[in-house]
Structures are given as C-alpha cells and as structure tokens.
Amino acid sequence: MDVLLWETAMLRSMTTLSLSAISLWMVAADNAPAQTPTNVSRSDAAQIHVLSASSHGQKLAAVSGVGQGIVNVSPEASSEGFSVEIQVTLWRTSPSTVFTVSRAVDFTADGNCTNTQFVPFPLPNAGPLVTLTTSPGGAGSVHIPFERPQIADDTMFDVQFEVRSEDGSIVLRTDCFTVLVK
C-alpha cells in the first residue's frame, strides 16, 4: 500500500486512536518516504486534501530557542457550541522547563491568521493557566479540554498555537490552520 493511501486510511480511522497515538503517528508519517499516488481517484484526492488540512498533527516549530512538537485539536459534537480536546506534545527542547500553552484566534476563516495576541488556556474561562513541564529528557505533553458554548456549531475560525517557556527564551508556534466547530 503506498504511503498516501495508508495515510488516508489512518486519517479515516483517527477517531478510534488515542491522541497520543495520533501524535506518534504524525511524527512517523513525517519520516515516511515521499511517494506519488498512482491509484487515487479524483474524489479520493479531494477528500485527502480536505483531511490533510485538518486540525490534527499541526507542527510546532521553534520561533526562538530549540524544540519541536505537535498540536492536535479534536472538536467534539458532545455539547452545543465549541467543545474541544487539545493535545500538545513537545520534544527536543529544554529539559525540566515549564511552558505556557496559548492560542491566537481569528474569526475570519481564510487561512490567514491576522490576530497576533496569544491568549493562554483556559482564558477567558476560569481556572489556572495551563502549563506543560518537560521531562529531564526535554519532552512533555499536556491534554486540554476546552469549551466555549458561545461559539456556535458550524462556525469556522483560524487559529495559531504558541508554547512559550516561562522566561520567554523558547517559543514554538504552529502555522495558521482552520477549525470547524461541530
């Protein structure tokens, strides 16, 4: 089975995988050899494009300092409005370091994030700020359940995630991506 078809099958079955497994799968997929699909129909190719633009496997890249990571955003249809499970995973960064997880939301869903104000989780909801502490090996992960019932179902918005060390010496960010509220 070629890599693209395998990736498509994995994306279709992601709802049965744990968020940690999805993170590991995305890292492995990045290291897979590039292949040109030869037996994919036009409709499958369109679906693959839509799936690849999903909110899973959004790479965190260093803006300053060192490190890598992935953000998985999984909107749920379990309640009215925006209900989401977020998994942030870091590696190859500073050991035993505390990071804050933030996002900048742009409600014009055009793939261009224009908002540069990163708001830490869980704000504006009540509760302590979400942090991620890396291991002595420089890796770590945090799970963030988040709800904003004021954001209606079927709303689309662009978002960019940022993970920043307490002293600001390490900043990792995703590219802009679009989320659909279910």
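The model on screen is a predicted one. The two residues are joined by a disulfide, with an S to S distance of 2.2 Å, and the count for the structure comes to 1 disulfide. A disulfide is a covalent bond between the sulfur atoms of two cysteines.

C113 sits in the loop between β4 (98-106) and β5 (119-120), and C176 in the loop between β9 (171-173) and β10 (177-180). The pair links distant parts of the chain, 63 residues apart.

Are these two cysteines buried or exposed? C113 has a relative accessible area of 17%; because buried means under 20%, C113 counts as buried. C176, at 23% relative accessibility, is partly exposed.

Next, go to the largest nonpolar core, which has 26 residues. Select F82, I86, V88, V101, F121, I144 and F161, the residues with the most contacts inside this core. Then colour the elements that give two or more residues to the core: β2 (68-76), β3 (82-91), β4, β7 (140-148), β8 (156-165) and β10. Which element gives the most to this core? That is β3, with 5 residues.

For the last stop, centre the view on I144. Leaving aside residues up to four places away in sequence, I144 touches V84, E85, I86, V88, V101, F121 and V130. Select these neighbours together with I144 to see the contacts around this residue.

Technical notes
Residues numbered from 1 in each chain as written. Predicted model: local features only at pLDDT ≥ 70, side-chain atom pairs only at ≥ 80, totals over all residues. Heavy atoms only, no water. Disulfide = S-S within 2.5 Å. Helix = DSSP H or I, 4+ residues; strand = E, 2+ residues; numbered from the N terminus. Buried < 20%, exposed > 50% of the residue type's maximum accessible area, 1.4 Å probe, protein only. Core = buried A, V, L, I, M, F, W, Y, C linked by side-chain atoms within 4.5 Å. Contact = heavy atoms within 4.5 Å.
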